[in-house]
Amino acid sequence: MKKLIWLVMLLISGSVYADASLPPQTISRIETGWGSEGLYLSFAENNKVEGCTNSRVRFERDHPMLKDILSIALSAFHAGKKVQVRVSGCLGADHKGIAIAVVQ
């Protein structure tokens with residue numbers, strides 16, 4: 001019985017913290033928080049990954065590529081191109097962003 005409980009806990013915890021790619025979306029808003037949380041991206045399509053209640057993506061302030069991510073996001077926003085964002089779990093209600101790519 002203990003092995004079964006351990007196996008179930010392992011499977012559940014792995015799926016909760018797994019990385020996932022959101023489908024290509026159009027950025028509708030780029031913003032900072034009121035504090036120094038990081039960078040937020042909002043999307044017209046409002047797609048979510050299971051477990052996060054908000055469709056907004058947050059890139060933490062200490063992300064090593066935050067300036068690159070902002071540059072890519074601004075370029076896509078002004079060009080009207082869709083982006084695909086890689087997320088890793090949630091930060092409160094928001095997705096925790098880890099990478100971004102512009103798609104055609």
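**Strand pairing and its surroundings**

Guide: Strand 4 and strand 6 (residues 94–103) run parallel and are paired over 2 bridges. Two strands count as paired if DSSP finds at least two bridges between them. Helices (H or I, at least four residues) and strands (E, at least two) are DSSP runs, numbered from the N terminus.

The model is predicted, so local features need pLDDT of at least 70 and side-chain atom pairs count only at pLDDT 80 or more, while totals for chains, interfaces and linings use all residues. Residues are numbered from 1 along each chain as its sequence is written, and side-chain values use heavy atoms, with hydrogens and water left out.

For orientation, the chain contains 2 helices and 6 strands. Read from the N terminus, the order of elements is α-β-β-β-β-α-β-β.

Strand 6 also pairs with strand 5, in the antiparallel sense and over 8 bridges. Within that pair, V87 has G97 of strand 6 as its bridge partner. The hairpin of strand 5 and strand 6 has 2 residues between the strands, and G92 there takes a positive phi near 65°.

L41 is bridged to V57 in strand 4. Strand 3 in turn pairs with strand 2 (residues 25–32), antiparallel over 5 bridges. R29 faces S42 of strand 3, and a hairpin of 5 residues leads from strand 2 to strand 3.

How enclosed is strand 3? Because 6 of its 6 residues are buried, strand 3 is largely enclosed by the rest of the structure. Buried means under 20% relative accessible area, exposed over 50%, and partly exposed in between (1.4 Å probe, protein chains only). For the chain as a whole, buried residues make up 29% of the 104 residues.

In a regular strand the side chains alternate between the two faces of the sheet. E31 belongs to strand 2. The side chain of E31 makes a polar contact of 3.3 Å with that of R29. A polar contact is a pair of N or O atoms within 3.5 Å; within protein, one must be able to donate a hydrogen and the other to accept it, and residues adjacent in sequence count only if both atoms are side-chain atoms. Apart from neighbours within four places in sequence, E31 is in contact (heavy atoms within 4.5 Å) with G38, L39, Y40, S42 and R56.

F43 has another set of partners: setting aside neighbours within four places, they are Q25, T26, I27, S28, S55, V57, V83 and V85. F43 is also listed with L41, V57, F59, V83, V85 and I100 as the residues touching the most other members of the largest nonpolar core, which has 15 residues. Such a core is a set of buried Ala, Val, Leu, Ile, Met, Phe, Trp, Tyr and Cys residues joined through side-chain atoms within 4.5 Å. Strand 3, strand 4, helix 2 (66–79) and strand 5 each supply at least two residues of this core, and helix 2 gives the most, with 4. In soluble globular proteins, nonpolar side chains tend to be buried together.

Between strand 4 and helix 2 there is a loop, and H63 sits in it. H63 counts as buried because its relative accessibility is 17%. The side chain of H63 reaches the backbone nitrogen of M65 at 3.0 Å. Not counting residues up to four places away in sequence, H63 touches I69, G97 and I98.

There is 1 disulfide in the structure, a disulfide being a pair of cysteine sulfur atoms within 2.5 Å. The sulfur atoms of C52 and C90 are 1.9 Å apart. C52 lies in the loop between strand 3 (38–43) and strand 4 (57–60) and C90 in strand 5 (residues 82–91), so the link ties together parts that are 38 residues apart in sequence. The angle about the S-S bond is -105°, and the link of C52 and C90 is left-handed. C52 is buried, at 7% relative accessibility, whereas C90 is partly exposed, at 30%.
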